[in-house]
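Here are some questions and answers for a first look at a protein model. Keep the sequence and the structure in view while reading.

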Amino acid sequence: MDWDNLRIFLELTRSQGLVDAAKKLGIDHSTVSRRMKRFEEQVGSQLFDRNNHGYKLTADGYRLVEYAEKIESTVYAAAEELGGHNSKLSGQVRLGATEGFGTFVLAPHIAHFCARNPHITVDMLPMPRFVNLSKHEADISVSIERPLSGNYVVTKLSDYVLKLYATRDYLVSHAPIDSLADLERHNFIGYIDDLVFSEELRYKDTVAPDAFRAFRSTSVVAQYTAACSGNALAILPCFLAQQSEQLVPVLERDIAITRTFWLVASSEQRHVARVSALWRYLRECVEMNRDYLMGNSRQMQWLP
């Protein structure tokens, strides 16, 4: 198979459509269409169903994606190795992370890392979804789920705790909360059920399953800012809620939910020098801030 055709094939599977793929590849969309027809003839199988809504992978197309991504990873690894970039503390590293942790904890530490390593550029992707390493969206990702398959290096980064929060003004102006049963009389802020990207985020149903959710969002940062307005309760990571002086824990002895962050990289990328440098730095920063992530300290610690 022609690697260039495989590259076009992969981009078409990852893009919104023919025109989007062509733009990313820097070629004309008619060229993409023509190359894919020729590629299907070479493979001897139909890889896409074409309709008014665009290109949709067939069963054979899905099977080819798995092989093509392995080839892609090998090609990128060979380019790094032969180009001598593996051993140099220079170049670009892309880091994907959950939105709240990436924005409020990792970002300030990454700024310190960049100051220490002036020849390394870090692209940060704090997102309210999983970052796909197999599609090369990032070199390293921080995930709330451990990958169960794939050619990855995975390590536990840290546990973190979520608690129920409200503003002081809210607690003064609303019905008292002395037990879990009292929560049913209060409005909550939470995730949109059918858009939750991980089962690890469905914690509200174990705390107050019958309480009304007045505001819902796919973004934990949006939930945090809504909670700060003082009109409802929210279950938030301690490291996020601690950004506000107004938010205080509610029923702290009864509600303390523990989740885990995992550090993940592809096996090919893990030992590239710049990736390894960031990997080690993240582990050191997070280890130093375990009390902060567990809600036992309001002060973030910094590496010297």
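Q: Is Thr155 buried or exposed?
A: This is a predicted model, and Thr155 lies in its strand β6. The relative accessible area of Thr155 is 16%. Buried means under 20%, so with 16% Thr155 is buried.

Q: Which residues is Thr155 in contact with, leaving aside its neighbours within four places in sequence?
A: A contact needs heavy atoms within 4.5 Å. Leaving aside neighbours within four places in sequence, the residues in contact with Thr155 are Trp262, Leu263, Trp279 and Arg283.

Q: How many Å apart in space are Thr155 and Val65, C-alpha to C-alpha?
A: In sequence, Thr155 and Val65 are 90 residues apart. In space, their distance from C-alpha to C-alpha is 27 Å.

Q: What percentage of the residues in the protein is buried?
A: The protein has 12 helices and 11 strands, and its C-alpha atoms fill a box of roughly 70 × 50 × 30 Å along the principal axes. It has 304 residues. Of these, the buried share is 48%.

Q: Among contacts between residues at least 6 apart in sequence, what percentage joins residues at least 24 apart?
A: The count takes in contacts in the protein between residues at least 6 apart in sequence. The share of them that joins residues at least 24 apart is 72%.

Q: At what angle do helix α1 and helix α2 pack, and what is that arrangement called?
A: Helix α1 covers residues 3-14 and helix α2 covers residues 18-25. Their axes are 9 Å apart, and the angle is about 130°. That makes α1, relative to α2, oblique.

Q: Is the crossing of α1 and α2 left-handed or right-handed, and which residues make the contact?
A: The crossing of α1 and α2 is right-handed. From α1, the contact uses Arg7, Ile8, Glu11 and Leu12. By class, the contact of α1 with α2 has five nonpolar, no polar and three charged residues. From α2, the residues are Leu18, Ala21, Lys24 and Leu25.

Q: Is the crossing of α1 and α3 left-handed or right-handed?
A: Helix α3 covers residues 29-43, and its axis and that of α1 come within 10 Å and cross at roughly 115°. In the contact, Asp4, Asn5, Leu6, Ile8, Phe9 and Leu12 of α1 meet Val32, Arg35, Met36, Phe39 and Gln42 of α3. These residues divide into seven nonpolar, two polar and two charged. The crossing of α1 and α3 is left-handed.

Q: How are α2 and α3 placed relative to each other?
A: The axes of α2 and α3 come within 8 Å and cross at roughly 105°. Leu18, Val19, Ala22 and Leu25 of α2 make the contact with His29, Val32 and Ser33 of α3. Angles of 65 to 115 degrees count as roughly perpendicular, and α2 and α3 are therefore roughly perpendicular.

Q: Why is the pair of Phe48 and Tyr55 edge-to-face?
A: A search of the whole structure finds 12 aromatic pairs. In this pair, Phe48 is buried at 1% relative accessible area, whereas Tyr55 is partly exposed at 23%. The ring centres of Phe48 and Tyr55 are 5.4 Å apart. Their planes are at 75°, so the pair is edge-to-face.

Q: Which residues do ring pairs link into a cluster?
A: Phe48 and Tyr55 belong to this cluster. With the others included, ring pairs link Phe9, Phe39, Phe48 and Tyr55.

Q: How many residues apart in sequence are the parts that the pair of Tyr160 and Phe261 ties together?
A: The ring centres of Tyr160 and Phe261 are 4.1 Å apart and the planes are at 15°, so the pair is stacked. Tyr160 is buried, and Phe261 is buried too. Tyr160 lies in strand β6 and Phe261 in strand β11, so the pair ties together parts whose separation in sequence is 101 residues.

Q: Where is Asn289 found?
A: Asn289 is buried, with 3% relative accessibility. Not counting residues up to four places away in sequence, Asn289 touches His109, Gln299, Met300 and Gln301. His109 is found in helix α5, whereas Asn289 is found in the loop between α11 and α12.

Technical notes. Residues numbered from 1 in each chain as written. Predicted model: local features only at pLDDT ≥ 70, side-chain atom pairs only at ≥ 80, totals over all residues. Heavy atoms only, no water. Axes fitted to C-alpha atoms, helices over the stretch in contact; angles between N-to-C directions. Helix = DSSP H or I, 4+ residues; strand = E, 2+ residues; numbered from the N terminus. Parallel < 35°, antiparallel > 145°, perpendicular 65-115°, else oblique. Left-handed = near helix turned anticlockwise from the far one by under 90°. Nonpolar A, V, L, I, M, F, W, Y, C, P; charged D, E, K, R; others polar. Phe/Tyr/Trp six-rings, centres within 6.5 Å; stacked < 30°, edge-to-face > 60°. Buried < 20%, exposed > 50% of the residue type's maximum accessible area, 1.4 Å probe, protein only.
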